[in-house]
Amino acid sequence: MRKIGFTALFTFLCFLPAFGEAQLCPNIDTQVLRVYCSKDSAYYHKPWKSPDFSNTRGSAFFFKDEINFPGASGLILTNAHAVSLAQSIRVSNGKEKRQYKVKLVGICNTADFAVLKMEDEEIAVYERRNGPIIPLELGDSDKLRVGDKVMGWGYPLGGEGISKSEQGEISRIEVASYAHSHEQWLMVQASLQQNRGNSGGPVLKEDKVVGISFQGMRTTDRINYFIPINLVKRIIPLLDKQELIPRWRYKIQFMFPRLKDYYGLEPDQGGILLDRIIPDGGPYKFGLRDNDILTAIDAHDIDSYGEIFLDSLQQKVFFMEIINRKKVGDHLAINVIRDGAPMKVEGEVTQGLPRLVPKVFTKANYLIFSGIGLVELTLNSIENLDKIGAVFRAKYYDQFPKVPYQKIVVISEIFPEYGLIESGSFLKRVTKLNGKEIINIVHLYGLIEDLKKSGAKKALLELTDKSRLPIDIENHSVIDSEVRTKYGILNMRTPGGFSY
């Protein structure tokens, strides 16, 4: 059962087996699939080490999409967390144990879903052994209401056959944090049974898929969540251009009575205070500013808790759902009060910027130089660092970057070749190089290269506690050659180049 970071509450959703129950239709055990995945288990705090491999299981299902994949057969939907960093993906079903090769067509880690496709040569074998592939029909999740009954299918651990969880009741529809990406999207809470292995399975209402199972609460009974299928349908066209998904970073404050009084708002007036946005980030480029009071978005009034009434859902949701339903370039209008005066900020939705401490789904940015291993702090590396990671999380997780693309660069390892007997006290954030503030690994690497070109022999790293580490630029190649040889390090910096 996977533990999720700072709350330790979430575990990816799986349903308990239900033996001997009637099935939804005679094809369900070939429409819903078990996913077998071998994936990298990377050392994000020391990414220069060769990764381990882990084997995971999940669930998935056949679907059809003539708009985005015209004429394609063998299309499969599952969770991103089930196949992220996969080296090998295979599927089987509830009627046989044969495993079939599939390829990854596209993955959206931020919204935790992925599209797979069964290899063409495998489809013929699959249909010869199981009959024609009959994709499940995708429904309309915007029509879901609290109190509706839904059914889930999948392959939880503890058995080989398909399992059904029925008569789960929808208890909440809200914008909340996805455990895999820590991004906020719409999710649906339902009282379905949970167990490991069912992540990626379909949730159905009236024989149509209304969601994908993906996470649940470990500390409570029958509280779990699924991704609404309309969210998946909106993002599938952007799988190969995910830069068009607007990921705005901001901090807000609810408008309690004394705060309303301070800003001159009427007691029954709605709106929320925009506390902080990233300089040059998505909201800033759109035209919003710190201390704006947001009162409406696309003609939807925002209440004092940041919620709007969304007609399609027939309920209140967090105002960000309006932006989540758009792509970069779409029109948006936000009513604000700025310095006591009402105004409208209107234009095209802008692209966002990454977090100060992001969750990453590719290789980590790192650099080994002069016997010192440096890495950008990510949520992934925090999970690897145990107690030290908890300190980093408490200190930096909720902070905003001061400039675009700023990251926390930390010393993860000082190799013996550097010359320190005890290095644990230096495993901290690096703030400056020769007095210049470090923005990220890319910036640090550029500063070092400039020093090398200028003929500098030494340089000085400054850490958060004002301690200092000299680095030997003149002899770094000798030191790093020893490090590379002794510890079998293949790449002294991120292979393929740094990423933002």
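Predicted model: local features only at pLDDT ≥ 70, side-chain atom pairs only at ≥ 80, totals over all residues.
**Stop 1: the largest cavity.** The structure holds four cavities of 30 Å³ or more. Go to the largest, with a volume of about 60 Å³. Select W248, Y250, L274, I277, P283, L288, L294, F319, M320, I323 and I334, which line this cavity. Colour them by class: eleven are nonpolar, none polar and none charged. Now show β15 (272–277) and α7 (320–324), each of which supplies at least two residues of the lining.

**Stop 2: the largest nonpolar core.** This core has 36 residues. Pick out F226, W248, L288, I297, F319, L332 and I334, the members that touch the most others. Then display the elements that give two or more residues to the core, among them β9 (163–177), β10 (184–190), β16 (293–297) and β20 (331–338). In soluble globular proteins, nonpolar side chains tend to be buried together.

Centre on L332. Beyond its neighbours within four places in sequence, L332 is in contact with residues including W248, F286, I297, I322 and I323. Its contacts also include D298, K326 and E346.

**Stop 3: a separate core.** Select W153, Y155, L231 and L238. They belong to a second core, of 35 residues.

**Stop 4: strands β5 to β7.** Show residues 86–92 for β5 and 100–108 for β6; these strands run antiparallel, joined by two bridges. R90 has K101 in β6 as its bridge partner. Finish in the hairpin of β6 and β7, with four residues between the strands. There, D112 takes a positive phi near 55°.

Terms used: Residues numbered from 1 in each chain as written. Heavy atoms only, no water. 1 Å grid on protein atoms, 1.4 Å probe; cavity = no way out; pocket = protein on both sides within 12 Å on 5 of 7 lines; lining within 4 Å. Points joined across faces, edges and corners; volume = space filled by probe spheres on them. Nonpolar A, V, L, I, M, F, W, Y, C, P; charged D, E, K, R; others polar. Core = buried A, V, L, I, M, F, W, Y, C linked by side-chain atoms within 4.5 Å. Buried < 20%, exposed > 50% of the residue type's maximum accessible area, 1.4 Å probe, protein only. Contact = heavy atoms within 4.5 Å. Pairing = 2+ DSSP bridges.
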